[in-house]
Amino acid sequence: MQDTPEHADHYWMQQALSLSENAEALGEVPVGALVVSNGEVIGKGWNTPISGHDPSAHAEMNALRQAALFRQNYRVIDATLYVTLEPCPMCAGLLVHARISRVVFGAFDEKTGAAGSVMNLLQHGSLNHKVDVTGGVLADACGQRLSDFFKRRRAEIKAAKIARRSQVTKPAPNQ
């Protein structure tokens, strides 16, 4: 497929970015993830916590659930997770427990990142499994998708507030 590991990382991250469009179409934060083993996708996911009424339904969680079902094992060894945003602490814990071998992420998360930005749970010295981490793959494209989403979301919220205010202050029509 690709001739170098870096090219492979870019290829798979582009696939994860495409999956993030599914989340955005649902009104979710556009994060996509996939699990790859031996050049084959064994799990795909995107954010669905709002639409699924499930706070754990992050892209990584959804992709890893699918990969575990594919493997018929809760351990997903010898696999790489590609995700467009640095995993949060919940997802990092999941990745350690699943024994994922490697995580490749796009955009850094300076608020809740648990793969090096705020903390590094994936390589914490006290844990019994360490995950190899590569961050910043297609970071600009991944970050731009998130920035555009939140900019649009803020504009929609502002427009809704203005519309509500105009409804309240608008005089009732004469009969």
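This note covers the sheet, the helices packed on it, and one histidine in a predicted model.

1. Basis. The model is predicted, with local features requiring pLDDT of at least 70, side-chain atom pairs counted only at pLDDT 80 or more, and totals for chains, interfaces and linings using all residues. Residues are numbered from 1 along each chain as its sequence is written, and side-chain values use heavy atoms, with hydrogens and water left out.

2. Sheet. An open sheet with mixed pairing is formed by 5 strands in the order β2-β1-β3-β4-β5. Strands (E, at least two residues) and helices (H or I, at least four) are DSSP runs, numbered from the N terminus; two strands pair if DSSP finds at least two bridges between them.

3. Parallel pair. Strand β4 (residues 102–107) pairs with β5 in the parallel sense over 4 bridges. Phe 105 has Gly 135 in β5 as its bridge partner.

4. Helices. Helix α1 (residues 5–25) packs on the sheet and touches β1 (32–37), β2, β3 (80–85), β4 and β5, its direction making about 140° with that of β1. Helix α2 (residues 59–71) also packs on the sheet, touching β1, β2 and β3, and its direction makes about 145° with that of β2. Contact means heavy atoms within 4.5 Å; angles run from 0 to 180 degrees between N-to-C directions, with axes fitted to C-alpha atoms, for helices over the stretch in contact.

5. His 129. This residue lies in the loop between β4 and β5. A polar atom of the His 129 side chain lies 2.8 Å from the backbone oxygen of Ile 100. Beyond its neighbours within four places in sequence, His 129 contacts Leu 95, Val 96, Arg 99, Ile 100 and Leu 122.

Key: Polar contact = N/O pair within 3.5 Å; in protein donor to acceptor, adjacent residues only side chain to side chain.
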